[in-house]
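Subject: Handing over the model

Hi there,

Here is the structure I promised to pass on. Have a look at it first, and then read on for my notes.

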Amino acid sequence: MSAVDKVRVLVVGDSGVGKTCLTHLIANQEPLTSPGWTVGASVEVKLHEYKEGTASQSTFFVELWDVGGSISHKNTRGVFYNPTHGIILVHDLTNRKSHENLQRWLVEILNKDGKDVLKGNELLLDIDPEQFLGSTQFRNSQIPILVIGTKLDMMDEAHKQKILNRTSVGSIAEQCGADEICLNCHEARSLAAGTTDSVKLARFFDKVIERKYYSRETGRKYTTNYGGSSMVTGPFGNLPVSGSSAAPSLGTFSYLTSNTVPESSLS
């Protein structure tokens with residue numbers, strides 16, 4: 001089997017917003033029955049058809065890096081932020097603060113990704129997230145972003161309709177020029193093929209793939225050479241890739257010291 005190119009998408013947001021359930025639903029098209037708290041980062045892999053149904057259709061692996069949101073790990077989780085090809089910002093629809101905090105998550109990621117967002121010796125916490133989102137530095141990052149609100153099922157019908165019918169004026173999705181999805185991670189049909197939300201998700205993955213593998217000027221794919229010392233020629237120079245010709249298996253796996261801890265084991 002020929003090697004399959006891959007991209008890396010960070011899934012971030014406050015602890016408890018449902019990132020683990022979301023990544024499982026995206027990768028496996030089924031709800032996660034026993035979610036736990038993520039320590040470090042847990043990774044799910046999705047097989048995505050780029051521009052499905054067109055002459056340009058091709059297969060890619062999308063790595064979904066579910067980064068633990070505990071504030072106690074803020075100083076160490078930056079190791080998971082590089083490289084970053086796309087970002088999914090996750091918030092709890094029943095918790096307004098989790099939406100407000102997405103701005104700081106974005107600033108944190110772009111700083112760890114090597115972007116010069118610090119002025120002098122100022123700390124990250126001294127940066128105004130709203131001012132940063134309107135800056136040239138952010139616009140030049142060109143990292144595709146998707147905003148997802150979870151726990152739609154926990155809202156009463158009146159609030160649910162208000163959320164689904166609202167405009168994105170003033171939201172972080174509007175500030176980033178990003179699509180927004182509101183869903184119930186415990187319902188498999190939330191991202192069923194052909195739905196509006198599944199189309200938004202597929203469009204986001206296509207943008208992530210295009211940013212890494214396709215020339216903005218010509219629209220053509222950069223050359224990928226697989227072999228013993230494989231390299232990918234992309235917009236940021238030559239990057240090493242796996243030398244194996246076998247496609248990696250799908251599922252959940254962990255990197256470094258990261259793992260998922262069941263809620264019952266935490267006190």
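His24 sits in helix α1 (residues 19–28); helices (H or I, at least four residues) and strands (E, at least two) are DSSP runs, numbered from the N terminus. Apart from its neighbours within four places in sequence, His24 is in contact (heavy atoms within 4.5 Å) with Gln29, Glu30, Pro31, Leu32 and Glu44.

Before the rest, a word on how to read all this. This is a predicted model, in which local features need pLDDT of at least 70, side-chain atom pairs count only at pLDDT 80 or more, and totals for chains, interfaces and linings use all residues. Residues are numbered from 1 along each chain as its sequence is written, and side-chain values use heavy atoms, with hydrogens and water left out.

**Confidence**

The mean pLDDT (the predictor's confidence in each residue, from 0 to 100) is 79 for the protein, and 69% of its residues reach 70 or more. Over residues 226–249 the pLDDT is below 50, and this stretch has 42 contacts in the model beyond near neighbours in sequence. Residues 253–267 also stay under 50, with 33 contacts beyond four places in sequence.

**The overall picture**

The protein has eight helices and twelve strands. Of its 267 residues, 45% are buried. Among contacts between residues at least 6 apart in sequence, 68% join residues at least 24 apart. The protein exposes about 14100 Å², and carbon and sulfur atoms supply 50% of that area; accessible areas come from the Shrake-Rupley method with a 1.4 Å probe, and for residues only the protein chains shown count as cover.

**Strand β5**

In β5 (86–92), seven of its seven residues are buried. In a regular strand the side chains alternate between the two faces of the sheet. Both faces of β5 are covered, with Gly86, Ile88, Val90 and Asp92 on one side and Ile87, Leu89 and His91 on the other.

What does β5 pair with? Four bridges join β5 to β1, and these two strands run parallel; strands pair if DSSP finds at least two bridges between them. Val9 stands opposite Gly86 in β5. β5 also pairs in the parallel sense with strand β6 (residues 145–150), over six bridges. There, Gly149 in β6 is the bridge partner of His91.

**Salt bridges**

Side chains of opposite charge can pair when their charged atoms come close. The structure holds eight salt bridges, each a side-chain nitrogen of Lys or Arg within 4 Å of a carboxyl oxygen of Asp or Glu.

- Asp5 and Lys221 meet through their side chains (2.7 Å, N to O). Asp5 lies in the segment before β1 (6–12) and Lys221 in the loop between α8 (196–213) and β8 (224–225), so the pair ties together parts that are 216 residues apart in sequence. Asp5 is buried, with a relative accessible area of 9%, whereas Lys221 is partly exposed at 34%.
- Lys6 forms a salt bridge with Glu63, with 3.3 Å between the closest N and O atoms. Lys6 lies in strand β1 and Glu63 in strand β4 (residues 58–67), so this pair ties together parts 57 residues apart in sequence. Lys6 counts as partly exposed at 37% relative accessibility, and Glu63 is buried at 8%.
- Glu108 and Arg77 meet at 2.7 Å, N to O. Glu108 is in helix α3 (residues 102–112) and Arg77 in the loop between β4 and β5, 31 residues apart. Both Glu108 and Arg77 are buried.

α8 has 18 residues and reaches 26 Å from its first C-alpha to its last, close to the 26 Å expected at 1.5 Å a residue; the expected span is 1.5 Å times one less than the number of residues. Buried residues in α8 include Leu201, Phe204, Phe205, Val208 and Ile209.

Finally, Ile71 lies in the loop between β4 and β5 and counts as exposed, at 73% relative accessibility.

Best wishes

How values were computed
Buried means under 20% relative accessible area, exposed over 50%, partly exposed in between (1.4 Å probe, protein chains only).
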